[in-house]
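Please look over the sequence and the fold shown here before reading on. The paragraphs that follow lead from the whole chain to a few of its parts.

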Amino acid sequence: MTTIASLLQRSTELQSASDSALLDTELLLCHCLNVDRTWLKTWPDHMLQDAQIAEFERLFSRRLQGEPVAFITGTQGFWTLDLCVSPHTLIPRPETELVVENALELALPEESQVLDLGTGTGAIALALAAERPAWQIIAVDLQAEAVELAEHNREVNHLPNVTVLQSDWFSALAAAQSERKFDLIVSNPPYIEAEDDHLLIGDVRFEPTSALVAGADGLDDLRLIIGQSSGFLRQAGWLIVEHGYNQGSIVRDLFTAAGFQSVATQADYNGLDRVTLGCLPGSY
Ligand SMILES: C[S@@+](CC[C@H](N)C(=O)[O-])C[C@H]1O[C@@H](n2cnc3c(N)ncnc32)[C@H](O)[C@@H]1O
């Protein structure tokens, strides 16, 4: 007799492959049954049909091989949104919500112009668009597949105030809108060192290098973005970037060297430096 409770006990088999074994098992089971986690907890004795059991076994063995749950189910929650994911870009992380939180706390104009560099699934741009319908947001990514994915997520979440473009950082903007200046630029760019051992462990093994690695010291993309942002921001405009836990000090120096003021770094939920922001001099 196979019940929800008996399948959830299988989570013990996942403990060496995942540090969230029970949650992963619940999410896979929810996906197979098309229910939420509350439903699972409410009906532990519910018996599964043979086809549902077979589907669970198929997905569970993929997780045992190390594949991230989000790639198995095809979706990941971020902020208030449920986003489709793909192996062509990063799975949105909870710590990136700190970029969104910081952006929403700024005293920006009602109808701000915003740019999200390296949008991936569209996570940051779409979360901001959902919270601030009057903002006009441009979201760019170098990878055509990521652009397609972000556009899909934009459509299914009904967010008409986002435009998704393929661009090598600022390149498409420089050509398309030389006169346009943004009130806010946000970015979670690649920031891992090329030889970092963490790339060989856990979920990141399944994510593309193009979304993770930025040169020998991990700072190539942050240097470019921080160095060039002032040319695309209006006076008193803000830049917010996510970075590695050990990059706070150097990123603050890069902000200051690029002319930013009020430069500050925020720690994530684990107490690690994660997000730095600063604004250009001037007033509205
Ligand atoms: C760390 S992922 C972040 C994705 C998303 N913003 C998030 O927070 O989940 C970095 C993204 O930057 C994109 N990227 C890398 N190099 C780029 C470039 N030269 N121009 C634009 N986007 C780039 C990658 O394709 C990837 O989607």
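Domain bounds, as the word is used here, come from an automatic or database domain assignment. For this protein, whose structure is a predicted model, that assignment gives domain 1, covering residues 4-66, and domain 2, covering residues 78-279. When the centres of domain 1 and domain 2 are taken over C-alpha atoms, 33 Å separate them.

Asn 34, however, has a positive phi near 55° although it is a residue other than glycine. With a relative accessible area of 73%, Asn 34 counts as exposed, because exposed means over 50%.

Helix H3 consists of residues 37-42, and Arg 37 has its place in this helix. Arg 37 has a relative accessible area of 34% and is therefore partly exposed. Leaving aside residues up to four places away in sequence, Arg 37 touches Leu 23, Glu 26, Leu 27 and Cys 30. Ser 61, by contrast, lies 24 residues from Arg 37 in sequence and 20 Å from Arg 37 in space, C-alpha to C-alpha.

Thr 73 belongs to helix H5, which spans residues 69-73. Its relative accessibility is 16%, so Thr 73 counts as buried, the cut-off being under 20%. A polar atom of the Thr 73 side chain lies 3.3 Å from the backbone oxygen of Thr 75.

Further along the chain, the next topic is a pair of helices. Two packed helices are described by the angle between their axes and the distance between the axes. The axes of helix H6 (residues 97-105) and helix H7 (residues 123-131) come within 10 Å and cross at roughly 35°, and the crossing in which H6 passes H7 is right-handed. On the H6 side the contact is made by Val 99, Val 100, Ala 103 and Leu 104, and on the H7 side by Ile 124, Ala 127, Leu 128 and Glu 131. Seven of these contact residues are nonpolar, one is charged and none is polar.

The last stop is His 158, in the loop between helix H8 (144-156) and strand S5 (162-166). His 158 has a positive phi of about 55° although it is not a glycine, and with a relative accessible area of 66% His 158 is exposed.

How values were computed:
Residues numbered from 1 in each chain as written. Predicted model: local features only at pLDDT ≥ 70, side-chain atom pairs only at ≥ 80, totals over all residues. Heavy atoms only, no water. Helix = DSSP H or I, 4+ residues; strand = E, 2+ residues; numbered from the N terminus. Buried < 20%, exposed > 50% of the residue type's maximum accessible area, 1.4 Å probe, protein only. Polar contact = N/O pair within 3.5 Å; in protein donor to acceptor, adjacent residues only side chain to side chain. Contact = heavy atoms within 4.5 Å. Axes fitted to C-alpha atoms, helices over the stretch in contact; angles between N-to-C directions. Left-handed = near helix turned anticlockwise from the far one by under 90°. Nonpolar A, V, L, I, M, F, W, Y, C, P; charged D, E, K, R; others polar.
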